[in-house]
Every structure is written in C-alpha cells, then in structure tokens.
Amino acid sequence: MRIARVFRGIVGVVLCLVIGSAAGAQYSGGSGTADDPYQIATAADLIAVGETPDDYDKHFILTADIDLDPNLPGRKAFDRAVIAPGREAPFTGIFDGNGHVVLNLSIIGEDCIGLFGEFRGEVRSLGIVDATITGSGWSVGGLVGCMGGGWVTRCYSTGMVAGESRVGGLIGRNGVSAGMMGEVNAGFIDQCWSTASVKGSEEVGGLVGSSLGGEVRCSYATGSVTAGGIGVGGLVGHNVGSITSSHSTGAVTGRQLVGGLVGMNYRGSIALSYSTGGVSADCYDVGGLVGVNDRGSIALSYSTGTVNGDKWVGGLVGTNSSGALRESYSLGDVTGHRLVGGLIGMNLSSEEEEGGGTWTIINCYSASGVRGEEPVGGLVGGNDGETVVVITASFWDTQTSGQMTSDGGTGLTTSAMQTAG
C-alpha cells in the first residue's frame, strides 16, 4: 500500500509538471511578466494569444516578423479581431512589437475589428503591413478597432481598411463611454502613421476614424480617404480630443463635414498641424484643414491643398461655429458656390449656443485663390446674423484671391502681404 501511495504521488507530480509545461509552451518562450514577456515568434503564437483571454493582461514581445497570409499553411482569413474580439475581455496588457511587423492580415467581419478588437492596454513599435480589413459595421482599424484607453506608440499600418462608421487606417474609434455621467475613456496615440487607403460612410479618417478624447500627437497619414457620408478627414474623421504636431497629405473625398486634416472638430483642439491633400465634397462644411470647427480651437496650423465644395467652403475651415483660430493660414485654391472664403467659408452660431456665439480670429491670413457665387470673401465668405466676430491682425491677398471684399479682415496686395510690418 505504501508503495502504491508513493507511486500515485509521483504520477501526480509528473502530471502537474507536464500540464504546467504544456500551458507555458503555447508561445515560443517567456512567462508573461514585465521582465520575462511571452515571446511571439510565429503565426501560431499570435493566434494563440487571441485564443487565450486569460493572458490579455500579460506582457508580450514580438521576436520576428509574422506573415498571416491566409494562403499560407496554418493561417486563415479572420472574421473578427485576432486578439480581444469581444467587449467582455479587452486586451489590457502590453504588446511590444520590437520593431517587427505583422504582414497580410486579412479580416472580413462586422464591428470592432483590427489586429486588436477591444483594447485598453499598450502596444508599441509594431507595423501592420499590407493589411486588407473590411467591416460591415462600426469601429474598424488596421491595428485597433475599439480603443478605450491606454497607449499606441510608434505603430503604423499600410494596405486597405474599409467599414461603415468610425473607420481609420490605424484605429477605428478612440474612446468609450464610462459611467452614467457621460465620461469617456480615451487613449493616447503618439508617433504613429498610416499609408492605408481608407473607405467608409461616416466618421472616417486616414489614421483615426473617431477620436472622442485623448490625444493624437506627432503622427501622420498619407493614404486617400473616401466616404459617402459625413465627418471625413485626412487624419481624423471626428475629433473631440487634441491633435498636436500632426499632418495629413492624402486626398480626401466625402459628402459633407469634410476636411484635409479633420472632418468634424467638436470642442477639440488642433495645434502645430497641417494638411496638403486635395479636399472635395458634394455638399457643405468643406475645409482645407477642418470641415466644421464647432467650439474648437485651431492654432499654429495651415493647409495648402485645393478645396472644392458646394457651400460653406473655406481654405482652412469650412464652417467656424463659435470656434477660435489663431496664427494659422491657408494657401490652396478654394472653389464653391455660396459662402466661400479664402480662410473660412462661414462663421455660424453653434446649435448649442444660446443667443448666438463668439468667434475669435487672430493673426491669420489667406493667400488662396477664391472662386464662387455670392457671397464670396477673400478671408471670410460670410457671418450669420447672430455672430460676434472678433478678427484681429488677419489679412488676405487681394491679387491671388481675386477678391476685393471679405466679411471681415484686411485685404492687401501680394507685395504688402510680404512686408513684415
């Protein structure tokens, strides 16, 4: 009996060791801690991360480039996010790309899709290369579908991303509601870029579809952005957070609320940023930098791309709704039908402002060519009847614009515009 008990004990220990070894062997090494992260070296490793929600709060490091081409052995075309596809189990750990890339990611799914679906953690130094990602719903991105906090740093994407709403080359939606008071948890996007072509309907951006808070800084997008609806931007479709030291260069096409950098800037801030891509839209609120600036701020920024729209069309901002502009300028030619301006198409009261709004335009200028039907202005196309517009030290070039009048600002010749005084 004693021998049998000893034997059973030995068997139990061996089984525990085997089970423990098997659990730790699902990746190529590591224990999942900060000092010893799980090593992801193969496609099987990466797929295993997605299939192990218990590890979503752990540390990972990519040790090789990984090709997810569905035509290769052991790969597949995904129908949801590879990692954290469900809201009940977001990724909250740290994923260090270590300078490596994930190639040929292919997803045809619905909502909240990308390499990561629900994301609250940190990912850094990772490239998503030649991705083909198509969603039939909202929050579609090359790297992250739904970002509810955390950090994305030194990451990039190339390829094609398409969806319905909140579609971005790198991140679909940055920000989720948190609590009964309407708070939003949003993350930080730093030193990131995308060359992906992006298509969708509403809230579509070259880098981020919808940024409901947080920050985008030192980042850029160069891919074309095309949408059939509203809120379309070369960098961000809908911005409620802050954008700093960032730019976009791709062509932007949409229906309305379309901008070279941002489609809708709602109470957001934009600083030290620019756009150079051409902008075109079928309807209104069309700007070289921002389509509509609704109680937001724009500072130390510029646009140089051509702008084409119907009405409320501006070289920098299509419609400025109780917003503030300073030390900014526009150079691209502007064409529209009504309320067309070299800098701003229309200063308009925000729907949420009682008794009209107040606009401040300080130290701004436009050297854009301006063409359209009345009213047209070299600097401002028009102001609505309830506006309180404060325009200080702001000018337009009467020769390049072809316009001698403006609803605000001072017109100068080209030589006078180039005089420091």
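A disulfide is taken here as a pair of cysteine sulfur atoms within 2.5 Å. The views show a predicted model, in which local features need pLDDT of at least 70 and side-chain atom pairs count only at pLDDT 80 or more, while totals for chains, interfaces and linings use all residues. Residues are numbered from 1 along each chain as its sequence is written, and side-chain values use heavy atoms, with hydrogens and water left out.

**View 1. The disulfide between Cys112 and Cys146.** The sulfur-to-sulfur distance of this pair is 2.2 Å, and the disulfide count by the rule above comes to 1. The bond links distant parts of the chain, 34 residues apart: Cys112 lies in the loop between strand E6 (106–109) and strand E7 (116–119), and Cys146 lies in strand E11 (residues 144–147). Strands (E, at least two residues) and helices (H or I, at least four) are DSSP runs, numbered from the N terminus. Cys112 is buried at a relative accessible area of 5%, and Cys146 is buried at 0%. Buried means under 20% relative accessible area, exposed means over 50%, and partly exposed is in between, with a 1.4 Å probe and protein chains only.

View 2. Cys192 is in no disulfide. Cys155 is buried, with 1% relative accessibility. Cys192 is also buried, and its relative accessible area is 1%.

**View 3. Strand E13 and its parallel partners.** Two strands pair if DSSP finds at least two bridges between them. Strand E13 (residues 156–162) runs parallel to strand E9 (residues 127–135), and 6 bridges join them. Within this pairing, Thr134 has Ala162 of E13 as its bridge partner. E13 also pairs in the parallel sense with strand E19 (residues 193–194), over 2 bridges; Ser157 stands opposite Ser194 of E19. A further parallel pairing joins E13 to strand E20 (residues 197–200) through 3 bridges. Here Met160 stands opposite Ser197 in E20.

View 4. Ser210 is buried, with a relative accessible area of 0%. Leaving aside residues up to four places away in sequence, Ser210 touches Arg166, Gly172, Arg173, Asn174, Glu203 and His238. Contact means heavy atoms within 4.5 Å.

**View 5. The cis peptide bond between Glu374 and Pro375.** Omega of this bond is about -5°. Pro375 is placed in the loop between strand E50 (370–371) and strand E51 (376–377).

**View 6. Positive phi at Cys218.** Cys218 is not a glycine, yet its phi is positive, at about 50°. The residue is found in the loop between strand E23 (215–217) and strand E24 (220–221). Cys218 is partly exposed, with a relative accessible area of 44%.

**View 7. Positive phi at Leu272.** Phi of Leu272, a residue other than glycine, is near 55°. Leu272 sits in the loop between strand E33 (269–271) and strand E34 (274–275). At 48% relative accessibility, Leu272 counts as partly exposed.
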